[in-house]
Number of protein chains: 4
Amino acid sequence: MKADYIDHMGDDLRVVNAARVSFDKESDWATDENSPDGHGLPTGILKEEDARLISYLARNGHWTPFSHPMITMRETIPIFVARQRFKHMVGFTYNEVSRRYVDDTPEFFSPDVWRARPDASIKQGSGDRTIKEFVNPYGEPEHHPVEHWFDRWMEDAEFNYNKLLEWDVAPEQARMVLPQSMYTSYYVTGSLAAWARAYKQRIDSHAQKEIQDLAKQWDAIIQTLFPVSWAALTGQRPVGTGTI
Amino acid sequence: MKADYIDHMGDDLRVVNAARVSFDKESDWATDENSPDGHGLPTGILKEEDARLISYLARNGHWTPFSHPMITMRETIPIFVARQRFKHMVGFTYNEVSRRYVDDTPEFFSPDVWRARPDASIKQGSGDRTIKEFVNPYGEPEHHPVEHWFDRWMEDAEFNYNKLLEWDVAPEQARMVLPQSMYTSYYVTGSLAAWARAYKQRIDSHAQKEIQDLAKQWDAIIQTLFPVSWAALTGQRPVGTGTI
Amino acid sequence: MKADYIDHMGDDLRVVNAARVSFDKESDWATDENSPDGHGLPTGILKEEDARLISYLARNGHWTPFSHPMITMRETIPIFVARQRFKHMVGFTYNEVSRRYVDDTPEFFSPDVWRARPDASIKQGSGDRTIKEFVNPYGEPEHHPVEHWFDRWMEDAEFNYNKLLEWDVAPEQARMVLPQSMYTSYYVTGSLAAWARAYKQRIDSHAQKEIQDLAKQWDAIIQTLFPVSWAALTGQRPVGTGTI
Amino acid sequence: MKADYIDHMGDDLRVVNAARVSFDKESDWATDENSPDGHGLPTGILKEEDARLISYLARNGHWTPFSHPMITMRETIPIFVARQRFKHMVGFTYNEVSRRYVDDTPEFFSPDVWRARPDASIKQGSGDRTIKEFVNPYGEPEHHPVEHWFDRWMEDAEFNYNKLLEWDVAPEQARMVLPQSMYTSYYVTGSLAAWARAYKQRIDSHAQKEIQDLAKQWDAIIQTLFPVSWAALTGQRPVGTGTI
């Protein structure tokens, strides 16, 4: 799962000022009273009352001030994850590689760990257990065939896709033989509010492990751009801050 | 490609009245002056000036009156088509079968016609031509192997998916070996305006043939529910009307 | 504040089936085992497990199954309330009377109770107290002039608006002299999910009293249409049900 | 009507690359072959084929690549214009001064020109004519009373608003006596696509003159940020370009 930063607009102070406009007020960064010019330079750090305001807004579900900052990323993930990613995309916009036009050799996701089916009583999609050991007829554990087998299947998929192209089948039809482990890639833009909503949904322990991995990458990127807001929206402590 | 009618709300008169509210006016169906009660029963047919209003609204891009009527369908289409379908879903909401939870035998789409790659100069995804005949080493035409070959590939996919399940792999991971020709199914709800926008995009000759087939089914359903509005929005003549 | 029912689509069972499609399942109403035909008629009441499912969906923020049912209303409220109503209209669509085209005598909202400014420490817009008694120079309580005074101001507004029209000023400019207590009216359509979100925001004790009054009318209408879903989404007990 | 630039994200090249991702391609600015380093510096000007691509996208209604760039403005406009502005705000988000919390002396818009009611046959809200001259009983033209009269009415409104506050009426109720010419102010953020849609709707000759004035300010700001895209979306020639 790969999420690369492309661009962003705004900062924690933008959130504060979008909220303070209700009261027709405007705030500024805390100033450094020891700065050489004698009357304080902006520090890029929020005043304490502004950090508290952000915390109040997040706690009470006041989303709109968090809707002005924007973040664009480039994500590269397999189809079966992308299909979940694109559910409930309210507030996001994306542009994706299309295999109507592209017929390069596709790349496939291969899992590090094969997870076992969960107990029937559990609502999520997989349990904590990995699939059980493979034993030979003498009851001795052997290398599990799934990995070798999966790699072969992906090689066959590539071979067969290329076979169709060789037979002059249009790429838009040929792609249908490709497995859902195939990687796709897209630009995606959303507001800070939209990213926080998606993050909370996808980092949840009931979400599929592969999409949790994607969400962790969002977290690493966004917490450096909007430290106070992101912490408030996702219920984390802001990085490198003590008292808020 | 299958689209089944589930439910709808509103009719052509709703569109008229949502527009006439700007002028604080309300209209009604044309009445049948020959009705036995002597003063006219509503006919379920728009008055001529109301049909003209709808035509004016559509021509001038006044979308909001068409946003109150709603239509819900159940669609069953292959993944590679569904991924296009869900692009630009602004104004639609959907709920889909999830193979995190479902591990039934999957079904696969199989094309009637294999289309050839388009000429390089053409922007769409396939040309009008089908793939060229298959000839044996003696230069004699033979049955093209693609179909037999494709059916085998789908059988293998099913076999391998079941193999993974047998090895106790969680369905949410096992599904990644399934090809993108696999059918999925979902409820989808949108306003008349949203359906018209989607229809115009998907019935376009540059759209993939398979998604055009889906759009034709929308057309067949919606034109009976909103004959005047649908004709105005999609640039068709309404079914069974003469002069509008 | 007036909200009138116009139309709706769907019922509690629709929510259930939009959710159960994830598991490729479909449910039906509970049946009456004592029905004369001997094998049970649908009762229009959810099975217990379906009512529990709705409760689970609402509690866990799974909004999409609630996005298929739709409700259209006609609301008539003053401008200063409508401006709040239209904030955060995500998921709603509306068409409103326009005073660019309409120049009828406007109507004005007149409050039953004049509320006092809240204590400085309180975040909401008005306190529980009404404005204090009016006393004459002898310290005797007198009829508070605000009501008479307000009625006169509204009469003046109407007179002055008509004066502008008489002077041939275009209605689209003349309307700017009208006070924000002026009633406006519109059709508004949204999904059950959108209505529930709006309701919870507007019924909140921090919301302006006038918009709480509007929200109460939504409640009265929607709880009869979607008794189980509405109760689950708004944290109320469904009307006329015992055990859920 | 006032629109002030606050921030933006992206440029014309972002639009190009969001579109070229379909083909898994990426473009860059044209380079200056005469630059001193000998192999060309980026110029901040699009390559010709990229400018043509943007033109193609706009002409064919491919909106999504224009949905990644974002623009935030601060607008200050009267209520009767803001109410139109906020119609069809799909794709915009805003945060506004609230007179539940603010009770400063309000400011009012005063028109330079009083426009006459349009001919009955015309669909727009006002004609090209200004209101007719005012003549005294001797048939002599006199200074039209409307301006003096309007100024007085605004003074009265302010006086009466303050009277209500003095009587301890909560600002959230007191505001209802304020006329719709009162200025409001808000932050508003939308994608380049959303701004273009709004611009085309509001610059239209049928739109109210006051909102056309607002749209002109958007135009002045956005054409410098996204010269090629804005020209393509709005049907203008890009500023300072010759041949595109």
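Predicted model: local features only at pLDDT ≥ 70, side-chain atom pairs only at ≥ 80, totals over all residues.
**Notes on charge pairs and ring contacts**

1. Starting with a pair inside one helix: B:Glu166 and B:Lys163 sit three residues apart in helix α4 of chain B, so about one helical turn separates them. Their side chains meet in a salt bridge, at 3.4 Å from N to O.

2. D:Asp213 and D:Lys216 are three residues apart in helix α7 (residues 209-225) of chain D, which means about one helical turn lies between them. The salt bridge here is 3.9 Å, N to O, and the cut-off is 4 Å, so I'd look at that one by eye. D:Asp213 is partly exposed with a relative accessible area of 25%, and D:Lys216 is partly exposed as well, at 47%.

3. Now for a salt bridge between chains. Which residue of chain A does B:Arg117 meet in a salt bridge? The partner is A:Asp103, at 2.7 Å from N to O. B:Arg117 is in the loop between β5 (92-96) and β6 (134-135) of chain B, and A:Asp103 is in the loop between β5 and β6 (134-135) of chain A, so the pair joins two chains. Both ends are partly exposed: B:Arg117 at 29% relative accessibility and A:Asp103 at 27%.

4. There's also a network of salt bridges to look at, linking A:Arg100, A:Glu172, B:Arg115 and B:Glu210. For the overall tally, a search of the whole structure gives 60 salt bridges over all chains.

5. On the surface, C:Asp112, C:Glu147, C:Asp151, C:Glu155 and C:Asp156 gather in a patch of negative charge. Take C:Asp156 from that group: this residue is in helix α4 (residues 146-166) of chain C. C:Asp156 counts as partly exposed because its relative accessibility is 31%.

6. On to the rings: how many aromatic pairs does a search of the whole structure find over all chains? The count is 49. One of them is A:Phe92 with A:Trp195, whose ring centres are 4.9 Å apart with planes at 90 degrees, so the pair is edge-to-face.

7. Another ring pair has a quite separate geometry. The rings of A:Trp153 and B:Trp153 have centres 4.5 Å apart and planes at 5 degrees, so this pair is stacked. The contact crosses between chains, from helix α4 (residues 146-166) of chain A to helix α4 (residues 146-166) of chain B. A:Trp153 is buried, with 5% relative accessible area, and B:Trp153 is buried at 5% too.

8. Ring pairs link C:Trp149, C:Trp153 and C:Trp167 with D:Trp149, D:Trp153 and D:Trp167.

Notes: Residues numbered from 1 in each chain as written. Chains lettered and ligands numbered in written order. Heavy atoms only, no water. Patch = residues over 30% accessible without salt bridge, like charges linked within 9 Å, V, L, I, M, F, W, Y side chains within 5 Å. Areas by Shrake-Rupley, 256 points an atom, 1.4 Å probe, with all protein chains shown as cover. Lys, Arg positive; Asp, Glu negative; His and termini not counted. Charge placed at Lys NZ, Arg CZ, Asp CG, Glu CD. Helix = DSSP H or I, 4+ residues; strand = E, 2+ residues; numbered from the N terminus. Buried < 20%, exposed > 50% of the residue type's maximum accessible area, 1.4 Å probe, protein only. Phe/Tyr/Trp six-rings, centres within 6.5 Å; stacked < 30°, edge-to-face > 60°.
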